[in-house]
Amino acid sequence: QTGDCYQIKSAADLAWYADFVNKQAEKAESCAELQSDIDLSGNFWVPISYTGKRHKVNFNGNGFIIRNLYISAQNLMDKYGQQAAQNLGLIGAFQGHVQNVILENVEIYAYGNGYVSGNSNYEQSPLSIGTVVGWQTDPQSIVENCYVTGKMVTAGDGQAVGGIVGNNGGGTIKNCYSAVN
């Protein structure tokens with residue numbers, strides 16, 4: 001960590017950061033910066049802030065490349081429960097600032113009609129599927145200067161799908177390009 005930002009130099013660092021954020025309390029705040037290219041080949045990605053707790057994440061890719069990000073909603077659901085498969089992307093549910101992120105050869109697979117949560121209060125919610133951010137929850141949030149290649153395979157009703165952000169809650173997306181099939 002340098003100052004207030006975690007320095008991400010490897011796939012292990014990035015996975016640690018995702019786990020760190022996912023264990024934080026509601027609306028916790030953190031900052032991370034990439035310091036080198038990262039190859040996630042052979043790794044199953046668990047999105048940063050997948051829990052829907054609306055963490056404030058400030059993430060600067062610094063123009064470094066994250067390659068081979070692989071997400072399977074079914075694998076997330078099997079390992080972490082149904083809510084884990086609701087917000088899919090490098091970052092799941094997000095508020096804050098994401099910038100200078102380059103993702104190459106992304107693969108995201110998601111099927112379904114939302115998820116069911118709670119013990120006695122069943123509620124269906126849309127799946128939010130993006131490459132950089134699944135659900136941009138805050139109108140003050142910014143996603144900028146991002147470039148993505150890869151593919152997303154989705155099926156089902158009640159999905160918000162986008163090449164950069166899946167479900168935009170009114171935030172800003174600028175200077176981004178997606179070449180995702």
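This is a predicted model: local features need pLDDT of at least 70, side-chain atom pairs count only at pLDDT 80 or more; totals for chains, interfaces and linings use all residues.
Threonine 131 touches Gly89, Leu90, Leu103, Val106, Ile108, Val148, Met152, Gly162, Gly163, Ile164 and Val180, leaving aside residues up to four places away in sequence. Threonine 131 sits in the loop between β12 (127-129) and β13 (133-136). Its relative accessibility is 0%, and residues under 20% count as buried, so threonine 131 is buried. One of its neighbours, glycine 163, also takes part in a polar approach: a polar atom of the threonine 131 side chain lies 2.4 Å from the backbone oxygen of glycine 163.

The chain as a whole can be described next. It contains two helices and 19 strands. Of its 181 residues, 45% are buried. Among contacts between residues at least 6 apart in sequence, 82% join residues at least 24 apart. The chain exposes about 8,200 Å², and carbon and sulfur atoms supply 43% of that area.

Helix α1 spans residues 11-22 and holds both tryptophan 16 and phenylalanine 20, which are four residues apart, about one turn of the helix. How do their rings lie relative to each other, in distance between centres and angle between planes? The structure holds seven aromatic pairs. In the pair of tryptophan 16 and phenylalanine 20, the ring centres are 5.1 Å apart and the planes meet at 15°, so this pair is stacked. The cut-off for stacking is planes under 30 degrees apart. Tryptophan 16 is partly exposed, with a relative accessibility of 43%, and phenylalanine 20 is partly exposed as well, at 23%. Both rings belong to a cluster in which ring pairs link Tyr6, Trp16, Tyr17 and Phe20.

The cysteines come last. A disulfide is a covalent bond between the sulfur atoms of two cysteines. The structure holds one disulfide. Cysteine 5 and cysteine 31 form this bond, with their sulfur atoms 1.7 Å apart. Cysteine 5 is buried at 12% relative accessibility, and cysteine 31 is buried at 15%.

Cysteine 146 is in no disulfide, and its nearest cysteine sulfur, that of cysteine 176, is 3.9 Å away. Cysteine 176 is likewise in no disulfide. A disulfide requires sulfur atoms within 2.5 Å. Cysteine 146 is buried, with a relative accessibility of 3%, whereas cysteine 176 is partly exposed at 24%.

Methods:
Residues are numbered from 1 along each chain as its sequence is written. Side-chain values use heavy atoms; hydrogens and water are left out. Rings of Phe, Tyr and Trp (its six-membered ring) pair if their centres lie within 6.5 Å; planes under 30 degrees apart count as stacked, over 60 as edge-to-face and the rest as tilted. Buried means under 20% relative accessible area, exposed over 50%, partly exposed in between (1.4 Å probe, protein chains only). Contact means heavy atoms within 4.5 Å. Accessible areas come from the Shrake-Rupley method with a 1.4 Å probe; for residues, only the protein chains shown count as cover. A polar contact is a pair of N or O atoms within 3.5 Å; within protein, one must be able to donate a hydrogen and the other to accept it, and residues adjacent in sequence count only if both atoms are side-chain atoms.
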